Amino acid sequence: MAGHPVSPVPVAPAGLSRRAQRFIETEGIRVRQQDIRRHHNAWIEHGIPAAEIERATAFQDRWGGLALPPASFYEGGPRILDADCPEETPAEGWSFSAGDCRVSMAYSFMIGPDGAFGIDAYRWTPLHASTEGWVESLALAAHARRWATTVTRVTRNAVDALDLREFEPVPEVQGVTDSWWRGKDSLIAVYRGEAVGLGAPQCLEAHIYGGLDEWGLHGG
């Protein structure tokens, strides 16, 4: 809770894979989170529904103050997972910030009305079905980089040309616009979020992690 001493060594939230738990507890840092409960009455007075404030507060209780290593894409992702004032858009409904960007960017990281983790660019674009999926994707990327013998980056049309017929989706990343695929000796991360959210096909990118053994393919 905010206002109490915070250990910099984080404890992983329940419900994650062992790989993601290890990633958080060995690579993450927990810093003091903001106490958004103190804004409750002011936000209510500004017309923000109580249910949306509760949703942001639940996110903050679970993820707030967690700093993780940079993502392989999205300019490293959020610096620290951190909720903020919910906001409404006519088309999508209520969302709230998932944390500030590491650098100046054309979009922000948001938690959508259904709990999806995504980017708010020219259009709202969910990347993973939940924050858990985003964290699982970070953990899997770190694991794959460590164990792959080759890492190949492909872009634009070459991404759509990838033959995924012998691959299966990695379920724990809960892919929506982004996805991970597991083959017999390789993992493929497909990043479509910027291409969709910014209307920019040139941003389409995939990372192929090759030469993986059984541990490299699964690792928890």
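This is a predicted model: local features need pLDDT of at least 70, side-chain atom pairs count only at pLDDT 80 or more; totals for chains, interfaces and linings use all residues.
Mentor: Residues are numbered from 1 along each chain as its sequence is written, and side-chain values use heavy atoms, with hydrogens and water left out.

Trainee: How do you know that the span of helix H3 agrees with its number of residues?

Mentor: A helix here is a DSSP run of H or I, at least four residues, numbered from the N terminus. The expected span is 1.5 Å times one less than the number of residues. For the 14 residues of H3 (residues 50-63) that gives 20 Å, and the end C-alpha atoms are 20 Å apart, so the two agree.

Trainee: Which residues of H3 are buried?

Mentor: Buried means under 20% relative accessible area, exposed over 50%, partly exposed in between (1.4 Å probe, protein chains only). Glu-52, Ile-53, Ala-56, Thr-57, Phe-59, Gln-60 and Trp-63 qualify.

Trainee: What puts them on the same side of H3?

Mentor: They cover an arc of only 155° around the axis, so they share one side of H3. The arc is taken from the directions from the helix axis to the C-beta atoms.

Trainee: Why is strand S12 called mostly covered?

Mentor: Six of the six residues of S12 (residues 205-210) are buried. Glu-205, His-207 and Tyr-209 lie on one side, with Ala-206, Ile-208 and Gly-210 on the other.

Trainee: What makes S8 and S12 a pair?

Mentor: Two strands pair if DSSP finds at least two bridges between them. S8 (residues 150-155) and S12 have six, in the antiparallel sense, so they meet that cut-off.

Key. Helices (H or I, at least four residues) and strands (E, at least two) are DSSP runs, numbered from the N terminus.
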